[in-house]
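Please consult the sequence and structure shown below while reading.

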Amino acid sequence: MTETSDTRAAAGEAEEAPRSGLRRVMRYLPLVAPVLLWAVPCWVLLYGGQHWPLPVTLTGTALFVLGLTGMPLAMARGHGRRQQDRAAIVGDTLLGGIWILFTWSVLLGVLLRLALTVAGVGDGEDRARIVTWAVLGVAAVLLVWGYTEARRVPRVRRLDVHLPRLGAGLDGTRVALITDTHYGPLDRARWSERVCETVNTLDADLVCHTGDIADGTAQRRRAQAAPLGTVRATRARVYVTGNHEYYSEAQGWVDLMDELGWEPLRNRHLLLERGGDTLVVAGVDDVTAESSGLPGHRANLADALDGADPGLPVLLLAHQPKFIDRAAAHGIDLQLSGHTHGGQIWPFHHLVRLDQPALAGLTRHGARTLLYTSRGTGFWGPPFRVFAPSEITLLVLRSGQPAAS
């Protein structure tokens, strides 16, 4: 008995040691990550064997140090208690810019330098300078392109979604999806108007917004969100909360969307009927709602489906794709989500995949359940989208199985 207890205790201590080490690493990650983001490009561009004139090296180093100290200060003033929009714009832009510069400093600093070495191009200093100009050139192009992609009105992505349980009377039902508009420090009221105008060209039966309307309270971002009141649908406009609503007085956003004529589906459903057939359209609060402490806010699928005929097909709105496990367990036919932004700035999508079961597009989960994950209509934080274009989605629901290819 003693030996068994000692063995278990020793095993427990062995398991706890790596966990403690991981916790220590995670504790210091917020401090280490910004330093790496700025230090790596600084080294690759200035100290990797280029032998720049001293004024160039000193000026470049000073700019990197200024960015390293200025970015967190700007973000703290912009997203902290003070909520200063100008500071948020500066901090977010610096974050996006240095992420792109860091990424390509790492890739080109290793791969291009290796390729040049293998090819026997120049000496060490020549190769270092080629890498520097390549990194700066690629980063400049991606920053301009990424900013343009982020600020443009999204392209419409159209696809047919076959739901075997959907009645023939509902075949051809048009569902427009917008999500993650993230109205914020950059005033995008005109952009919002143009997005809504585009949605209105789709002649949708149902228009859905799956959360993360804005960064900031409804009172503060009201002017940017107001165009949502002009969106037209032949049957209904429905909305569910995202995690960012719970950073900014979520109930205020629920009330504003209700005022603008959208139906907040807070753990409830409505019925969409056409041609003698019925579709259950349900929605749940974001999975972070319960931890927000707001009374009555939590994700509850059982409540959302309460009273619905279990024989009817169900379209579910849930902000985060990770809700799909619960949806599949309840036999939901189709879940619509956002949240991921498709990664927004490559290669951030690798980190998103650690937290979410899908990044973008239509995926199957279990025998019956489909999940459509939008890359989002707007952008969060850094005003850039690199290899992750925004979208307005038009899903045309089809009854029966898809034709064999």
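**Salt bridges, helix packing and a surface patch**

Glu-197 counts as partly exposed, at 44% relative accessibility. The salt-bridge partner of Glu-197 is Arg-190, with 3.6 Å from N to O. The model is a predicted one, and a search of the whole structure finds 18 salt bridges.

**Salt bridges**
- Arg-190, the partner of Glu-197, is partly exposed as well, with a relative accessible area of 48%.
- Arg-375 and Glu-391 form a salt bridge whose closest N and O atoms are 3.6 Å apart.
- This pair links distant parts of the chain, 16 residues apart: Arg-375 lies in the loop between strand 11 (369-373) and strand 12 (391-399), and Glu-391 lies in strand 12.
- Arg-375 counts as buried because its relative accessibility is 19%, under the cut-off of 20%; Glu-391 is buried at 1%.
- In the salt bridge between Arg-152 and Glu-149, the closest N and O atoms are 4.0 Å apart; Arg-152 is partly exposed at 28%, whereas Glu-149 is buried at 8%.

**Helix packing**
- Helix 3 (residues 85-119) packs against helix 4 (residues 124-151) at an angle of about 145°, and their axes are 9 Å apart.
- Residues making this contact include Trp-104 and Leu-108 of helix 3 and Val-131 and Leu-142 of helix 4.
- The crossing of helix 3 and helix 4 is right-handed.

**Surface patch**
- A nonpolar patch on the surface is formed by Leu-31, Val-32 and Leu-36, which together have about 280 Å² of accessible area.
- Leu-36 belongs to helix 1 (residues 2-46) and is partly exposed, with a relative accessible area of 45%.

Note on methods. Residues are numbered from 1 along each chain as its sequence is written. This is a predicted model: local features need pLDDT of at least 70, side-chain atom pairs count only at pLDDT 80 or more; totals for chains, interfaces and linings use all residues. Side-chain values use heavy atoms; hydrogens and water are left out. Patches are made of residues with over 30% relative accessible area and no salt bridge: like charges are joined within 9 Å, nonpolar side chains (Val, Leu, Ile, Met, Phe, Trp, Tyr) within 5 Å. Accessible areas come from the Shrake-Rupley method with a 1.4 Å probe; for residues, only the protein chains shown count as cover. A salt bridge is a side-chain nitrogen of Lys or Arg within 4 Å of a carboxyl oxygen of Asp or Glu. Helices (H or I, at least four residues) and strands (E, at least two) are DSSP runs, numbered from the N terminus. Buried means under 20% relative accessible area, exposed over 50%, partly exposed in between (1.4 Å probe, protein chains only). Axes are lines fitted to C-alpha atoms, for helices over the stretch in contact, and angles run from 0 to 180 degrees between N-to-C directions. A crossing is left-handed if the near helix is turned anticlockwise from the far one by less than a right angle, and right-handed if clockwise. Contact means heavy atoms within 4.5 Å.
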